[in-house]
Structure formats: structure tokens, C-alpha cells
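Subject: Structure for your review

Dear colleague,

Please find the structure below, together with its sequence.

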Amino acid sequence: MKNQAYRMTMLFDFYGDVLTDRQKEFYDLYYNEDLSLGEIAENYGITRQGVRDVIVRAEAVLTELEDKTGLIKRFHTMRGQLERLLQDADRVVQLAARQDSEELERLALQIRDAASALLKE
């Protein structure tokens, strides 16, 4: 269940702007605020099934967008590559210090800083 909730949150973060206001609201309440279908239905004066229908339609829209664009998949791939680049740059800094190569160390630090900045975005 945790993986499903994470996936739904990622879909919403990447593609949520394409949803209608009602879909955004219900989706957010259900996945991010952890309200039950019944609680949402009670707050909005509609049936539990009505809430579920809105959420299912929103999930379908978001899933279809990811299937077509693959942005989340590419995001995770790029993040993994940046983490590896950061580790490799740290290793080069260590090796450069051992060999007393200031230029190599400076370049490795620049690479490390750039990868670190990208990971924070």
C-alpha cells in the first residue's frame, strides 16, 4: 500500500495541474490528507461512490499521462544517475588529494557541487 500511495503522490505532483479543481481537491484529500471516501463524501454532501468515481477518473488521467510521457520514470533514472555522479566525484576528490593534483580536485569539486545542486531541485 505504501508504494501505491507514493506512486499516486508522485503522479499528482507531476501532473496534478491537468485535473479539474474537484478532482484535485478529492485526490488531495484522499491521498495526501488521508481522508476516507466516506469522510470526503460527508464533507461535500455527495455519495461515497461519487467521491470514488472522481478519484478513479483522476487516477486514470494521471496514469495515462505518465504512460505517455514517462516523466516520473525519467526523473527517477536521472536522480539515480546524479547520485552516482556525486559519489564518483567524491571519490575523484579523494584520489586527487592523494596525488596532490589541485586542478583535478577543483574540477571534481565543481562536478560534485553541480550534481548536489541538481539533486536539491
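The model is predicted, so to speak of its basis: local features need pLDDT of at least 70 and side-chain atom pairs count only at pLDDT 80 or more, while totals for chains, interfaces and linings use all residues. Residues are numbered from 1 along each chain as its sequence is written, and side-chain values use heavy atoms, with hydrogens and water left out.

Helices H5 and H6

Helices here are DSSP runs (H or I, at least four residues) numbered from the N terminus. Helix H5 spans residues 71-98 and helix H6 residues 102-120; their axes come within 8 Å and cross at roughly 155°. Axes are lines fitted to C-alpha atoms over the stretch in contact, and angles run from 0 to 180 degrees between N-to-C directions. H5 and H6 are therefore roughly antiparallel to each other (angles over 145 degrees count as roughly antiparallel, and 65 to 115 as roughly perpendicular). In the contact (heavy atoms within 4.5 Å), H5 contributes residues including Leu82, Leu85, Leu86 and Val93, and H6 residues including Leu104, Leu109, Ile111 and Leu118. By class, this contact of H5 with H6 holds 15 nonpolar, one polar and five charged residues (Ala, Val, Leu, Ile, Met, Phe, Trp, Tyr, Cys and Pro count as nonpolar, Asp, Glu, Lys and Arg as charged, and the others, Gly among them, as polar).

Helices H2 and H4

Helix H2 (residues 21-32) packs against helix H4 (residues 48-69) at an angle of about 100°, with the axes 9 Å apart. H2 and H4 are therefore roughly perpendicular to each other. Among the residues that meet are Phe26, Tyr27, Tyr30 and Tyr31 in H2 and Val54, Ile55, Ala58 and Leu62 in H4.

Aromatic residues

The whole structure has six aromatic pairs (ring centres of Phe, Tyr or Trp, the latter by its six-membered ring, within 6.5 Å; planes under 30 degrees apart are stacked, over 60 edge-to-face). Phe12 and Tyr27 are stacked, at 5.2 Å centre to centre with 15° between the planes. Phe12 lies in helix H1 (residues 2-15) and Tyr27 in helix H2, so this pair ties together parts 15 residues apart in sequence. Both Phe12 and Tyr27 are buried (under 20% relative accessible area with a 1.4 Å probe, protein chains only; exposed is over 50%, partly exposed in between). Tyr30 and Tyr31 pair edge-to-face, at 4.9 Å and 85°. Tyr30 is partly exposed at 24% relative accessibility, whereas Tyr31 is buried at 15%. Phe12, Tyr27, Tyr30 and Tyr31 form one aromatic cluster.

With kind regards

Notes. Helices (H or I, at least four residues) and strands (E, at least two) are DSSP runs, numbered from the N terminus. Angles under 35 degrees count as roughly parallel, over 145 as roughly antiparallel, 65 to 115 as roughly perpendicular and the rest as oblique.
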